[in-house]
Every structure is written in C-alpha cells, then in structure tokens.
Amino acid sequence: MSTVTKNADLAVLDSAVAAMIVPPSPRRASGRPPRRPVSGHRVKRRAASVVFSVIAVIIFLCSVFPVYWMINTSLQPNNEIRGPIPNFFPKDFTLGNYSTVLFEPSRSPFLPALANSLAVTLLTVVIALVFAFLASLAVTRFRFKGRKAFILSILIIQMIPAEAMIVSTYRVLDSWSLLNTIGGLTLVYVATVLPFTIWTLRGFVNGVPIELEEAAMIDGLSRTGAFWKITFPLLAPGLVATGVFGFIQAWNEFVLALVVMSRPASQTLPVWLRTFQQANTTTDWAAIMAGSTLMAIPVVVFFLIVQGRMTSGLMSGAVKG
Amino acid sequence: MRKLSLVALGAATMLALAGCASGGSAASGSSTPEAGSIRVWLNGTDTPQAARDYLKTTFEKQNPGSTLTVEEQSWTGLVDKLTTSLSGSDSPDVVEVGNTQAAAFTSAGAFEDLTSKLQELGGSDLLPGFVAAGTYDGKFYAAPYYSGARLVFYKKDLLAASGLSVPTTLDQYVSNGVTLAAANPGVSGIYFPGQDWYNALPYIWENGGEIATDDNGTWKAGFESAGAIAGLKQVQQVMEKASVAPKDGNETDPQVPFCAGTVAQVSAPSWVKGSILAAADAKAPGCPDQTANLGVYALPGKNGGAAQVFAGGSNIAIAAKSAHPDLAYSALKIMLGTDYQTILGKTGLVPALKSLSSTLGTDDVAKATAEAAANAKLTPASPKWADVEAAGILQDFFVKIGQGGDVTALATDVDSKINAILNG
Amino acid sequence: MTTLLGSVSSRLRRPVGRKGLAPALLLVPATLILIAIIGWPLLQLVIVSFQQFGRAQVFGQAAPFVGFDNYTRVLGDPQFWQVLARSFLFCIVNVVVTMSLGTLVALLMTRLNKFFRTLVSVGLLLAWAMPALTAVIIWGWLFDTQFGVVNYLLSQVTGIDFTGHSWLIDPISFFAVAGVIITWQSVPFVAFTIYAGLTQVPDEVMEAAQLDGAGAVQRFRLIVFPYLKSIFLVVTILQVIWDLRVFTQIFALQGIGGIREQTSTLGVYIYQTSLGTGDYGAGGAIAVIMVIIMLAISIFYVRQTIKEEAL
C-alpha cells in the first residue's frame, strides 16, 4: 500500500513540477481529447465521448424536468394545472399569469421588489467575496496565533441553526436602526454566506500548490505579484462557484427578509412571491409559478455572465495550459 | 361546549360592564389625538379593496393631518413577523391576526389593553367566541375582525341519483356520504383529507366531546371522553367509507377534485363557492357549468339544526409599541363600525358584529353561512393553544385516524400530548 | 497513507514565516461582520438556553435563569432522540448520494465538449436556482396523491393502478421524496465546486488519470483525489451540516402530506419549539446541543485538516 501511494504521490509531484517547468502551451479547446498517435485510442475515445454526451443529456433532462414543469404550469390557466390527466404541454397557452404577476394593480408591485433583491444580492456577493477572499488568504498563506481558532469558529458558525437566531438577529439590526434598509439586510446576508465562502475558498487556495508562487518568485516576481499573477487566476473557478452560491442564497432567502424588511417598499422577491398564497381565497398557483420563473431569470443571467468570464479571460494566462 | 361558550359570554359581559365603568377615563385621549401617520397590517387579500379605501378616507377625514397606510402581509410566516416587529422599534400600529394565533400575542403583552374600550367597540354585539379569543387574564386585547363559516357543498344530481335529500342530522349526513361513495366508485361521498382537522371538530362537539376544558386553571384534553370517541369513530367511518381523498392530504383547493368530478359533497369555507364556480375567463377558473348543479347547506347537527362548526377568522389589535395609540384606536373604531363591517359582510365574510349578519345577503350560501355562524365554535381559549396547532398534533392525529388506527389508543395518546403543551 | 499526507501538506507549507500585521488586517473585515451579526446573537442564544424564555420575554418581561433546566428537559424528551436519530440517518444517506452523484457529474463535465458541458451546467443551475418553496410545490405536485404525474406515469407504464397512492404517508417513502428534492437541489453545488476544483488540477495529471483501462476508480483515487482532497473535505463537511439542518423542504412537505411526528428533523423541531410554540429557552438549548453534536462528529476531520496545514 505504502509503496503504491508513494509512487502515485511521486507521479503527482512529478507532473506538478512538470507543469511548473514546462512553459504554458496554448490552451487547447477544452474537453476535446488530446491528440494521440494510436488510432485505436481515438475510436475508443469517440465511443466514450458519445456515451458521455448521452449521459450528459440524461442529467440535463433530470435536472430540468421540474423546472420545465414550473414553466409549463406558468403558461396555463390555474384550473388546468392539476387534473386527472396531466398536461405535459400547455393546452390552453396563456401569458395571463405573467401579466397578473407584473401588472395587476391590486398586487404588490414586482419591479421595486426586483430592485431591492438585485441591490441586496449583488452587494452581498461582492462584499462577501472580497472579505472572504482576504480572510481565506490569511488562513492559508500565513501562520499566526489564533488561526486554528478562526477556522474552527467559521465551521461552528455554519452549524448554528438559523431558525433559532431570528429574533436576536432582528434585535441587533433594530438597535442599529438598520431595519428596512438595503444595508441592514445586506449585512445579515454577508454574515450568513461569509463562513461558507471563507471555508470553501480556503479549500481552493489550499488546492493551489505554493510551489507555483515560489517558482514565480524565483523568476523575479514579488510575493504579491506572484500571488496575483499565478494563484489568483487559478482561483477564478472557485470564486465563481462560491459567488454563484452566495447569489442564490441571498436571492432566495425568505425568513430574514420577511422579518427585517417589514415595510412593503423594502420587500424582496421571495417575500413578494408569498403574497400570492392566500388563506381565504383560492391560491393562484399559476401566478406563483410565473413569479418563480421570473425570479429564476436573473440567477441564470448572472451565472452566464460569470461563467463566460471564468472560461474566457482569467484563466488563459495561467500556468495551466 | 355550552360551558365554554357560556364562560366566554360571561367574560365578555363582565368586560363590557368594566368598559362602561371606566369609559370616562379612556375617552380623554380620543378627543384630539396628535397628528401622525399610522400603519395598518392586513393579511392576504381577504379584506376587500373597497374596505381598505373606506378605512383610509374615513380615517384621514376624521383625523385631519394624519395619514393611514394599509400594508398587506402574507399569512406565511405571519407569527414570526409579528413576534419580531411588534417587539421592535418599527412596530406597526394596528395588526390583524388569525383568531387561533391571537392568544400567543395577548398573553405576551404585545397588544394594547382595550378593556375600557370594549363597550364602545360593540360590547355584547361582538362575536363572543372572538372576544374570548382576544381576551387574556381578564383583559381584552384583540377585537373580533371577521369570521368565516364552513358549509357543505354538494352535487345535486348525484344526491338525486341515489335518491337522497339534504340531510337533517349529522348521522344522516354520514350515511348519505357512505351511500354516495358506494354508488359512485372513485368519488368521495364526503371529501375528507386526513389533515383537515377543522372539519373533524363538529363530529366531536356534536357527540358531546370537547377538545379540552379548563378545570380551575388546569387544562384537560377531552378526546378520550365517550362522546369524543363516538365522534372520532364517525370521522373514521367517513374517511374510510365515504372519502377517497388522500389520507394524509390537506384541505386546500377542494375545488380541484370537485371540478374533476371526484367529489359529491365537501365541507369547506364559504368562499369556496366562488372558486368552484369561477368563470372560464377568470384567473382561477372553476367549473361554471356546475352552477345549477351546486347545492349548499349548513352541516346538520346530531339532533337537527346547524352543527357546531369551527369558526375561522381574524382578530384585530393595537400594538403595545404603537407610537400613536390614539390614532390607532381611531382606525380600529372605523374598522368595527357599521359601514366598514357591512362592506365585509357583503363580500361574504361574517361581520364582527352579530347585528350585521343580515349584510351577508339572502342567497343560499348567505343563509347557510348565517346559520352556521350562529352556532360556530372556537378552539380552547388557552394562550398555548396556538402551540398545539403549530406542532401539528391534530393533523397527525386525524391522519392516523384516517389510516384506520385504533381510535381509543390514538385518543389517549393525543390527549397526553395536548395536556403536556397546555399545562407545560 | 502517512507519506501521502506528508507530501500533500509539504506543498502547502509556508516557506517564509512572515508574521506581523498582514494576516490580522486580512481578517479584520470578515471578523467584524461575523462578531456583530452572528457572534452577538449567538451569545444571546446561549444565554437564553439557560433561561425560562417565552414570548412574554420577547416582549420585555424579565427572563429568570433556570440553570440546566432546558437542557435536562430536552435531553429527557424521547422525541428529541427520535428526531436526532432520524436526522442523522437522513443526513448520511443524503450526503453519500449527493457527494457521489456530484463527483460523477463533475468528472463527466471534464470529459464533455463545450456544448454538452454548458448544457449540463445550465440544467444544474436551473435546478439550483429554483426557490425552495417553488421546488417543494412542484415536486409535491409531481408526487401528488390525486393528480400526480408520477402516479399517472406509473399507472400508464406498469399497468398497475397507482391512482390515489400516497407517497408521503409512509415515513420511509416521505424521506425518499424529501431526499430526491434535496439531492436534486444540492448536487449542482457539489458538481460545480468539484468541477471548479478539477480545473485546478494540472492537465497532465488529468490526462494520466483519464487513460483508459482497468482501475479507473483507483487512478482517480490515487492521482486526482489528492489534489481535490481539500475541497472534498470542505464540501463534505458543508453537506453534512446543511443536510442536518435542513428545514424548508421538510417543513413544506409536511404541509402537503405525511405525519409530522414521524418525519420531523432537527431544523423543523427547533423551529417548532422556538418560533412555533414560543419556547425560546428550549429552542436555544436544542440549537446548542445540535452544534455540540455536529462538532463532536466533525472534530475528527477538522483536526485532521488543521493538523495537516499546521505542519
């Protein structure tokens, strides 16, 4: 066992070192199999890639089916949603639910809630990423007293069930006159996603061998320079993954938003969505689905933007070819 | 039941007298309150727009220089939101709260004491069960706002096909349901999803049982009593023999199976008629082709007449932390006034004032509503009752009954759970 | 194995022992926010767990200290232990399923061309982005007793009449449905994060691991895994924590069907105790107990990671 691991381990180090020594080759088109001389391999690889593509389509369908059902529902009148025979396509296609959600005057309006949600979420993502990034550097690239305590606290914080802290969190914001403010809710959300973001980014920074930076420093770069030029680009995928996480958390959070933003003008989208659930009239499920669909769009847009950035610019100059 | 409502009535009367006695001192503040702006929290879309507009204009006319804003709250998460907001610095002034949720706040000191105003707000004309719900420790905190009633909707053709007529007793209602289900496979003679405990209560009450009674400060749950057991057996009979509804389903959207043709009779809140008959171009269309076929009656009691059914509804109160309690009271008075309550009555909500029940109208639903409301009954007036509901104990209990569990054993078990909470 | 650990951590070892202000400055912003928004309320939570604290106390009444009363009450309640055992079982199954599926999807993504990779990412993202409430409503409809698509399709395909079959009334079946919903929404995070981790791995290593032939699992374990170990650990711990704390999905699903008493998990139990029934003292005690238990479980992993880095 030990010899095997040792060999494999050496292989890892070898290739890591090789990666450092060999100058970066032009980035090959991602996912395409590397050129190999043996043709048998190519055939096998092609077959494999067909199989993988099929699996990819299956995964896509499984993930997307409930989403499809949400959109499908949002395009039907409320009475067509549930019946003895399900409608796999909108039988009586209508955009009426969207107009209900967006324009009906007796409903609390969509646009101000959208503006609030966007402001809170974007601020949360930016602030949390910056603060978490700095903190994760501190705990991975430095050794200092209290470091272990910090990491441990970050972990413990995430274990606290949020349901138990609602009242006291409200008190804190109230004492600082931060109720019903974008700043107040942002602060709470930053605090909720920070531990996760630090914890995860720490994993990503740890994943970048310090030797890469050192090699660059031998080439004459400063420590900071080495970090920005070598390590930071490699963290881009991690930043994107945690950023998307933060975005979705802040975007969909309900209970704290309900309690902290108690005035209608400061409502966020998840709270707005619940106003469609009624006690003494029929709940307009189709409108809820239309609202949910509208809510999902900004998340997808955000993801497409950051994903584009992730694959295009940032990584091309990296060590990794 | 009689005992409980008598206690409630007694409390209400005593409070009314107390209100008379101390009326003078309370009136001093209401003459010329300082101008300001107040916020009124109403839940969902239950209060019609006309009532909201009336409230705002009347209030601002009566209190020149002051403004009133109605802020609509969602029922989801309402208790959480009230707990935080009412205890914080940004408290609303007037809040609506579900009648079974009221006790949680009256007992905590979240609301302004209205004992001295009871008479002025309507006194003995107010729905007594709701006055009891808003009363804690001899003090009156939350006024009745409106009530709802549960009615039985049925398909006339199905009843006729089985040669049945509208039942006059509860037992007949149950046997009709069983007959209908047997005659129409796949159809519920009485649609009864397992979590729908509100609709199970009349069976208990009509057979002489009680959910819980107050015995000198100690609550005693009553599902084990002989009467309650008889009622529970009837519930089980309905769920097993008359209903094909999901044994663990909830009571929302009964119009869906009704319109799908799998329901012959269903006991549901009065507004469900609107959902069933909603026009094809409505946002939530029902099955308007059933208009002529849809019948309605008040659930009959064990010995004829209307059964004691559960009354849902709301209470309305002034926040203890309101910055303008006088203005808030002025708004509350408008909301319990004849004009405002008439608007509620005309939309099918049972008004908070008994004298206005005629505003419900004269159609069959209105008649049945008035009949049912007259004999409506509430859950035990313990501040901890809301906790029993929050824990979902009764939902679990009736799901297990629906599954065919042993009624006596289940009743013993649920009683010990309820006792633990109410006396905990 | 020790050699492996040793060499991995050697990659991380600080060559220059620079100390001083830099780490402190880097930590200041995050620490300040955490102390203010989490630390202070947390302290209150702990205090409350030693008090008799109900709704009246929220509205300003004095809260008497009762020592360990809340703790003995909670620990003496058989329901607490049932909930705890149930939560752990559910959590373990969920974490195993989620981590395996997530890793497989991430590995698959490295082998796909751009089009299919984007397709999978967008599919995963859509699942992830759906608000939890909406997700439960939709899944609830799919598994609906009366009009559910699942019952409909099963009846069509198998020929057995599934109409009226309740998926939630039996606790095992309830948790299977809950597990599907939760896994469906957590696999995207795991897959994205591990995929992001995989892109950090030098291509040569990936290629070495991708060579066809027997022992693919072993290659993954021995060649790729050491690079991902840190992220794997991080994600696994997070999944354990989240799945133990799960609230919205279970709470909403209980409204649709099933028996609460047999299906409540820790998150729901805490909510019912504190905000639901207004017993904030006991709610606080459960929260504290829960954190201690989670710590006890994860301490092994935590010590391992911290020890490794501290070398």
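The model is predicted: local features are given where pLDDT is at least 70, side-chain atom pairs count only at pLDDT 80 or more, and totals for chains, interfaces and linings use all residues. Residues are numbered from 1 along each chain as its sequence is written, while chains are lettered from A and ligands numbered from 1 in the order in which they are written.

## Chain B: confidence and sheet

Let us start with confidence, given as pLDDT, the predictor's confidence in each residue on a scale from 0 to 100. Chain B has a mean pLDDT of 87, with 91% of its residues at 70 or more. Residues 1–30 of chain B are the stretch to treat separately: their pLDDT is below 50, and beyond near neighbours in sequence the stretch has 47 contacts in the model. A contact here means that the C-beta atoms of two residues, placed from the backbone, lie within 7 Å.

Two strands count as paired if DSSP finds at least two bridges between them. In chain B, six strands make up an open sheet with mixed pairing, in the order S2-S1-S3-S12-S6-S13. S2 and strand S13 (350–351) of chain B are at the edges with a single partner strand each, so one side of each has no neighbour in the sheet.

| Strand pair (chain B) | Sense | Bridges | Facing residues |
|---|---|---|---|
| S1 (residues 37–43) and S2 (residues 67–73) | parallel | seven | B:Leu42 and B:Glu72 |
| S6 (residues 142–147) and S12 (residues 313–318) | antiparallel | five | B:Ala142 and B:Ala317 |
| S7 (residues 150–155) and S10 (residues 265–269) | antiparallel | five | B:Leu151 and B:Ala268 |

How enclosed is strand S10 of chain B? Five of its five residues are buried, so S10(B) is largely enclosed by the rest of the structure. A residue is buried if 20 or more other C-beta atoms lie within 10 Å of its own, exposed if 12 or fewer, and partly exposed in between, with C-beta atoms placed from the backbone.

## Two asparagines with positive phi

Most residues other than glycine have a negative phi. A:Asn180 has a positive phi of about 60 degrees, and its place is the loop between helix H6 (166–175) and helix H7 (182–207) of chain A. A:Asn180 counts as partly exposed because it has 17 C-beta neighbours inside 10 Å. For B:Asn216, phi is near 55 degrees, again a positive value. The loop that holds B:Asn216 runs between strand S8 (212–215) and strand S9 (218–221) of chain B. B:Asn216 is exposed, because 4 other C-beta atoms lie within 10 Å.

An automatic or database domain assignment supplies the domain bounds. For chain A it gives domain 1 (34–65) and domain 2 (99–316), whose centres, taken over C-alpha atoms, are separated by 34 Å.

A:Thr121 sits in helix H4 (residues 110–141) of chain A. With 26 C-beta neighbours inside 10 Å, A:Thr121 is buried. Leaving aside residues up to four places away in sequence, A:Thr121 touches A:Phe247, A:Ala250 and A:Trp251. A:Leu61 is 60 residues from A:Thr121 in sequence and 29 Å from it in space, C-alpha to C-alpha.

## Chain C and its partners

Chain C has 15 helices and zero strands. Of its 311 residues, 51% count as buried. Among contacts in chain C with a separation of 6 or more, 68% come from residues 24 or more positions apart.

Chain C touches chain A through 98 residues of chain C and 99 residues of chain A. On the chain C side, helix H2 (residues 21–48) gives the most, with 16 residues. That side holds 68 nonpolar, 18 polar and twelve charged residues. Here Ala, Val, Leu, Ile, Met, Phe, Trp, Tyr, Cys and Pro count as nonpolar, Asp, Glu, Lys and Arg as charged, and the others, Gly among them, as polar.

The contact between chain C and chain B takes 24 residues from each. Helices H3 (55–58), H12 (248–256), H13 (260–263) and H14 (266–276) of chain C each give two or more residues to the chain C side. By class, that side has eight nonpolar, 13 polar and three charged residues.

How values were computed. Helix = DSSP H or I, 4+ residues; strand = E, 2+ residues; numbered from the N terminus.
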